[in-house]
Amino acid sequence: MTRPLSFREAATLVARREFGQRIRERSFFISLLITLGIIAVVVLLPRFTDLGNDSYDVALVGDSSQLQEAVEHQAEVADIEVSFRSVADAAEAESAVRDGDIDAYVDDDTVYVDQSLDSSLRAVLENAYSQVEGARALESAGIDPAEVSAALTSATLETVTLDPEADERETRGGIAFFGTIILFGQLITYSMWVAMGVVEEKSSRVVEVILSTIPARALLAGKIIGIGLLGLVQLALIGGLGLGIAAALGAVELTGPMITPVLTALGWFVLGFAAYASLSAAAAARISRQEDLQNVTTPVNTLMMVSYFGAFFVFLNPDTPAAGVLSIVPPFSALIMPLRMARGDAAAWEVGLALGLMLALIAVLVVLAARIYEGAVLRMGAKVPLKDAWAARRKVSS
């Protein structure tokens with residue numbers, strides 16, 4: 001006589017089946033390739049375009065050696081890039097501006113542009129022009145401009161940075177924010193996979209055969225664990241590729257502080273998925289048709305959307321009291337706390353409290369979801385009301 005499987009053995013068996021089956025599906029590879037492609041584009045696009053870069057093309061008409069030197073100095077101070085194009089006369093420069101080949105050209109005491117002059121470029125050109133004309137005026141008055149310049153620059157202010165890690169925190173925050181977007185996509189996708197799997201087994205009546213050999217709770221646990229592991233593997237591949245490309249292009253250095261946001265996102269994915277997948281499975285167990293799936297999972301998806309927009313709010317307003325509250329309260333913390341942890345805004349007690357509350361919520365949701373799942377998964381036909389699913393499980397237990 002065959003020994004019945006224990007809960008752990010049954011859950012492990014189901015998890016292996018779910019992982020092995022799903023990883024061979026075409027949809028898994030398609031979603032992985034699409035996500036990796038998006039990441040590659042996001043990381044590579046700024047490298048090969050001028051998007052977001054302060055870079056300008058300028059022409060200087062006439063004898064402009066002094067002005068060009070002054071513009072180069074002012075551009076360096078303003079931290080922008082100015083390239084110079086040689087032109088024969090003002091007519092050629094005007095044609096280049098109208099064709100969009102250059103942003104502006106300077107002729108005598110006038111700057112010519114096609115429509116408008118960027119404020120950064122305007123400041124650089126005006127400061128450079130004032131510097132050159134001021135030097136000429138000093139020479140006309142018999143004053144050595146070099147002596148004046150030396151006198152004006154003899155005393156300088158020393159800069160002391162009170163927050164030397166600010167730039168690094170901003171970079172970590174940017175990585176974490178992009179990770180939150182990916183994390184949201186992973187949570188909503190793999191939670192839906194759990195729900196679809198439940199309905200598929202129920203509508204095909206395969207679940208009746210499975211439950212004749214293993215408990216319903218083991219089936220539910222194995223399904224969540226197996227699909228969750230697959231999501232974790234995909235998320236790790238996505239994070240690794242994104243960091244690898246960024247490091248290869250010199251955008252970030254693969255140091256511990258830069259890798260930490262990715263590892264944090266992986267950890268919170270596990271917690272968030274456990275909560276949302278339990279809710280999705282319980283909702284899906286109440287129906288027998290895939291057509292009804294969107295309807296019953298809407299509350300779960302709405303909750304994830306609210307968390308997602310909450311993450312946007314926290315990213316833009318990290319110092320508000322609401323940001324601290326949202327990062328602690330589950331299930332919002334699954335998407336929001338990684339942001340604050342990456343930026344170093346979350347205190348240790350806040351992280352600990354968020355983890356404790358999230359684990360407590362997961363424990364409650366798993367118990368509730370398992371009870372609803374057991375009470376509804378074998379009932380075919382119309383959607384099973386929550387009250388009936390709860391009562392049916394109680395009758396079975398008694």
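Contact means that heavy atoms lie within 4.5 Å of each other. This tour uses that term at several stops.

**Before starting**

The model shown here is predicted: local features need pLDDT of at least 70, side-chain atom pairs count only at pLDDT 80 or more, and totals for chains, interfaces and linings use all residues. Residues are numbered from 1 along each chain as its sequence is written, and side-chain values use heavy atoms, with hydrogens and water left out. Helices (H or I, at least four residues) and strands (E, at least two) are DSSP runs, numbered from the N terminus.

**First stop: the sheet**

Please select residues 55-60, which form strand S1, and then 81-85, which form strand S2. Together they make an open sheet of four strands in the order S2-S1-S3-S4, with mixed pairing. Two strands pair if DSSP finds at least two bridges between them. From one strand to the next, the twist averages 30°.

Now follow the pairs across the sheet.

- S1 and S2 run parallel and are joined by five bridges; Ser-55 has Glu-81 in S2 as its bridge partner.
- S1 and S3 also pair in the parallel sense, over three bridges. Here Val-58 has Ala-104 in S3 as its bridge partner.
- Val-106 stands opposite Val-111 in S4, and Tyr-105 stands opposite Tyr-112 in S4.

Which residue takes a positive phi in the hairpin of S3 and S4? Select Asp-108: its phi is near 60°, and the hairpin has two residues between the strands.

**Second stop: the helices across the sheet**

Next, show helix H3, residues 65-78. This helix lies across S1, S2 and S3, and runs at about 160° to S2. For such angles, axes are lines fitted to C-alpha atoms, for helices over the stretch in contact, and the angles run from 0 to 180 degrees between N-to-C directions. S1, H3 and S2 make a right-handed β-α-β unit. A crossover is right-handed if, with the strands pointing away from the viewer, the path from the first strand over the helix to the second runs clockwise.

Then show helix H5, residues 119-140, which lies across S1, S2, S3 and S4 and runs at about 40° to S1.

**Third stop: the nonpolar cores**

A nonpolar core is a set of buried Ala, Val, Leu, Ile, Met, Phe, Trp, Tyr and Cys residues joined through side-chain atoms within 4.5 Å. Buried means under 20% relative accessible area, exposed over 50%, and partly exposed in between (1.4 Å probe, protein chains only).

The largest core has 55 residues, and Leu-187, Tyr-190, Val-194, Leu-219, Phe-273, Leu-293 and Tyr-373 have the most contacts inside it. Among the elements that give two or more residues to this core are helix H7 (166-203), helix H9 (216-248), helix H10 (256-284), helix H11 (293-316) and helix H14 (348-376). H7 gives the most, with 11 residues.

Centre the view on Val-194. Not counting residues up to four places away in sequence, Val-194 touches Lys-223, Ile-224, Ile-227, Phe-273, Ala-277 and Ala-281. Apart from this core lies another, of 17 residues, among them Val-58, Leu-67, Leu-117 and Leu-125.

Select Thr-180 in helix H7. Is Thr-180 buried or exposed? Thr-180 counts as buried because its relative accessible area is 3%. Leaving aside neighbours within four places in sequence, Thr-180 is in contact with Ala-311, Leu-335 and Leu-339.

Move to Val-233 in helix H9. Its relative accessible area is 35%, so Val-233 is partly exposed. Val-233 and Leu-266 are 33 residues apart in sequence, and their C-alpha atoms are 9.3 Å apart in space.

The C-alpha atoms of Pro-299 and Ser-280 are separated by 9.3 Å, although the two residues are 19 residues apart along the chain.

**Last stop: annotated regions**

The unreviewed UniProt entry gives the annotation "transmembrane region" to residues 27-48, 175-199, 220-252, 258-284 and 351-373. UniProt positions are given in the numbering used here, feature names are shortened, and annotations may be inferred rather than shown by experiment. Select 175-199: the chain there is 100% helix and 0% strand, with end C-alpha atoms 36 Å apart. Over residues 351-373 the chain is 100% helix and 0% strand, and the end C-alpha atoms are 32 Å apart.
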